[in-house]
Amino acid sequence: KMTQQMRDLQLAQARKPPGPSSPNAAKRLYRNLSGKFRVNYTSFDEGSLVGRGEKEKLRKSYLFQSNAALFEAVELQDLDRVQEMLKHYSPEELDLNTPNSEGLLPLDIAIMTNNAPIARALLQAGAKESPHFVSLESRSLHLSTLVREAEQRVNELMAQVVNEAPNADCSEKEKQLKAWEWRFRLYKRMKAGFEHARVPDAPSSVHLSVASSSSLQVTFWEPLSVNSAVVTKYKVEWSCSPSFSPLLGEAVINKLKELHFTIQGLVSGTAYHVRVSAYNMKGWGPPQASTPPFAIPSNWREYDGRAPRRRGQAEALDLLLGQVKTVHQHCICHEPCKNQPQSRKHSVSKSLKHLFHPGSKFLKTLKRGLYLTAIFYKDDNILVTHEDQIPVVEIDDTYSCLLMQDFLWLTKVSCMWDEILWLRQCVTVSQSSCSCILQTRFKMLLAISQMQGLLGIQDLGQVFFEPIKDKQGNILIVTLKEVKTNQTFESVRWVPICKLQSSRKSVSSPEEPSALDMLLISVQDKLAYHQRSSHALSPGLYLGYLKLCSAVDQIRVLVPERLPNILCHVKIRSNPNVSREEWEWLQKMSSVEEPVPTETEADRSQNPLFQELQVAIKELMTLVNIPLQEAKDFRLYSQEVLDFGDQVSFLLLLPPSDDVCTAPGQNNPYTPRSGFLTLPLQIFELGKE
């Protein structure tokens with residue numbers, strides 16, 4: 001009675017647990033399993049299980065039951081339960097692509113009952129169609145066999161129930177009859193769904209863009225028709241001919257989480273035509289040609305043949321640093337060292353002892369001077385001393401020089417925490433001038449070494465962009481570092497931030513808080529800044545706004561608070577590449593008198609970048625609170641595209657030349673809305689490294 005395919009699958013039926021006898025039984029099974037699945041398998045070590053083989057056998061039993069529960073949830077069209085199971089368990093744990101005893105997969109049932117939401121959820125989790133359905137005829141035959149056998153089983157059970165006297169066996173037969181009647185209706189619905197389905201329409205839209213000098217990006221959308229069966233895969237084809245003969249290549253897209261594909265290995269400067277077609281259980285639908293109809297792989301650098309700005313820079317800087325180290329070591333270890341070997345040894349020994357001397361401890365209170373504090377945090381906890389104080393060491397108690405230049409120098413030192421000893425030796429050798437600047441910087445290095453020694457940590461993290469100053473003459477330089485792992489330290493311990501803030505007793509008045517009180521009040525803001533400054537942009541091309549303001553001793557740059565390591569920006573598109581044709585158009589626009597071009601139908605149809613830029617400029621002007629009519633005086637920076645790796649690039653929008661940098665005392669008629677801050681330019685540059 002069964003097809004050969006079903007006979008082959010009979011062997012699998014013996015190892016599969018029997019399915020629920022009714023829809024209500026399926027619900028009970030799922031409820032029971034939903035609790036059991038949350039059991040941690042390692043907990044079975046504490047009980048009756050002894051051997052590893054027994055644990056593995058029990059685990060497999062749960063997985064088999066989870067597979068059955070998933071089938072039942074799909075058959076009952078219970079989207080919530082399907083989504084919950086897919087969320088909590090991997091495809092392997094659910095046996096997502098293992099056929100059941102009827103030769104069906106969960107995705108087969110979903111698409112043949114035309115349950116699009118469940119089918120999409122399964123597809124996004126990596127579900128596939130049954131490999132047994134190699135043709136339309138084989139699928140139709142298989143469904144007819146399932147319907148016929150279910151009908152025959154229903155008839156057999158009905159006859160047994162009618163002819164037998166009421167007893168326990170008869171009651172069991174009635175339950176089986178109800179279950180098979182329900183399964184018979186399911187198979188009939190699946191068969192009808194397959195027979196009424198038709199091939200899918202073409203994708204509703206196919207967008208083609210240039211991803212690099214050797215690749216194209218294809219983005220497509222589902223067919224608009226809702227009458228055909230669920231689409232389970234797509235096919236992307238490309239050719240140098242608009243007739244697609246000969247065909248240069250094709251790719252089948254099975255993972256439908258994101259409907260896009262990158263065609264790699266293309267020849268720069270060659271035009272390629274692309275089309276996409278959709279597939280469902282009835283076969284492939286008609287192809288949809290891309291918009292634009294073709295694209296040429298290229299990159300903006302090909303316009304004038306320039307090399308990447310950062311090519312070889314890291315290697316060159318490493319080489320230069322190595323040479324500087326060699327020269328300084330030569331100076332330190334030559335004649336001065338030979339003349340006074342004992343005195344040098346004594347001074348080094350003394351400086352090392354200083355780190356572990358009882359007097360070398362964290363400070364509890366501040367007197368007038370310059371100090372260094374290090375904030376280490378993990379989740380909502382912060383490292384404090386055993387006296388519940390944030391670690392603080394003194395830099396200089398007689399500090400009188402201008403702070404900003406020394407502070408900016410220290411921010412650069414923060415890139416070399418492991419080289420502090422070497423830097424101290426360099427500054428010591430250079431102290432013959434005895435300048436105030438060198439003396440202060442040497443004391444900064446000593447304070448860093450002291451902090452590292454007391455904490456037992458070399459990397460003190462990132463320097464906060466501005467020191468804390470109080471009215472008592474104290475200046476507090478703050479470093480911030482997030483600790484990812486659970487670490488314990490001898491001289492410090494973890495304390496919840498809220499507990500530290502509530503338990504600290506202020507020694508200053510609210511009108512004139514001390515630097516330590518100001519730090520504790522604002523510590524949450526500083527931690528938020530530190531976390532946001534390490535966030536990365538999603539891949540794409542962005543329009544950035546460069547706005548500077550100058551003071552007596554520094555230049556500051558306007559940045560958004562949510563991403564302080566990036567200029568004010570809006571996203572133009574998801575594709576970061578600027579093609580050679582787009583760059584030629586930008587160069588042409590920069591040569592005309594009006595920096596922001598007027599809209600023409602030709603530009604809109606031939607160059608999508610034109611429309612994308614118009615939308616981005618309007619959005620950016622609104623963001624930084626500048627009237628849109630002022631945009632006519634703004635300019636696009638046309639010297640280069642700013643590339644940050646391979647996935648993020650920027651075009652810069654510049655104010656009029658007189659307004660790029662606001663001078664001290666100069667009024668800025670358009671102040672940005674809340675959500676922005678200004679960073680010292682050197683701090684911003686370090687954040688981009």
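How many bridges pair β3 and strand β6 (residues 272–280), and in which sense do they run? The two strands pair in the antiparallel sense over seven bridges.

## Basis of the report

The structure is a predicted model, in which local features need pLDDT of at least 70, side-chain atom pairs count only at pLDDT 80 or more, and totals for chains, interfaces and linings use all residues. Residues are numbered from 1 along each chain as its sequence is written, and side-chain values use heavy atoms, with hydrogens and water left out.

Strands and helices here are DSSP runs numbered from the N terminus (helices are H or I with at least four residues, strands are E with at least two). Two strands pair if DSSP finds at least two bridges between them. Strands of a sheet pair through backbone hydrogen bonds, either parallel or antiparallel.

Strand β3 covers residues 233–239, and six of its seven residues are buried, so the strand is largely enclosed by the rest of the structure. Buried means under 20% relative accessible area, exposed means over 50%, and partly exposed lies in between (1.4 Å probe, protein chains only). In the pairing of β3 with β6, V236 stands opposite V276. β3 also pairs with strand β4 (residues 249–253), in the antiparallel sense over five bridges. K235 has V252 of β4 as its bridge partner.

## An open sheet of four strands

Another group of strands forms an open sheet with the order β23-β17-β18-β24 and mixed pairing. Its edge strands are β23 (661–662) and β24 (676–680), each of which pairs on one side only. Strand β17 (residues 548–550) pairs with β23 in the parallel sense over two bridges. L548 stands opposite C661 in β23.

## Salt bridges

Side chains of opposite charge can pair when their charged atoms come close. A salt bridge is counted when a side-chain nitrogen of Lys or Arg is within 4 Å of a carboxyl oxygen of Asp or Glu. By this rule there are 21 salt bridges. One of them joins D201 and R198, at 3.2 Å from N to O. D201 is partly exposed at 29% relative accessibility, and R198 is partly exposed at 35%.

A salt bridge also forms between D388 and R493, with the closest N and O atoms 2.4 Å apart. This pair links distant parts of the chain, 105 residues apart: D388 is in the loop between β10 (381–385) and β11 (392–396), and R493 is in strand β15 (residues 492–496). The relative accessible area is 31% for D388 and 32% for R493, so D388 and R493 are partly exposed.

E612 and R573 form another salt bridge, with their closest N and O atoms 3.2 Å apart. E612 lies in helix α19 (residues 608–623) and R573 in strand β19 (residues 568–573), so the pair ties together parts that are 39 residues apart in sequence. E612 is partly exposed at 21% relative accessibility, whereas R573 is buried at 13%. Elsewhere, salt bridges that share partners join E72, E75 and R183 into one network.

## Aromatic rings

Rings of Phe, Tyr and Trp (its six-membered ring) pair if their centres lie within 6.5 Å; planes under 30 degrees apart count as stacked, over 60 as edge-to-face and the rest as tilted. The count by this rule is eleven aromatic pairs. Y279 and W284 make a tilted pair, 5.0 Å centre to centre with 55° between the planes. Y279 is buried, with a relative accessible area of 17%, while W284 is partly exposed at 32%.

The ring centres of F465 and Y529 are 5.1 Å apart and the planes are at 55°, so this pair is tilted. F465 lies in the loop between β12 (462–463) and β13 (468–469) and Y529 in helix α16 (residues 515–532), so the pair ties together parts that are 64 residues apart in sequence. Both F465 and Y529 are buried. Ring pairs link F464, F465 and Y529 into a cluster.

## Charges over rings

A charge sits over a ring if NZ of Lys or CZ of Arg is within 6 Å of the ring centre and within 35 degrees of the ring normal. The charged end of K233 is placed in this way over the ring of Y279, 4.5 Å from its centre. R275 has its charged end over the ring of F244, 4.3 Å from the ring centre.
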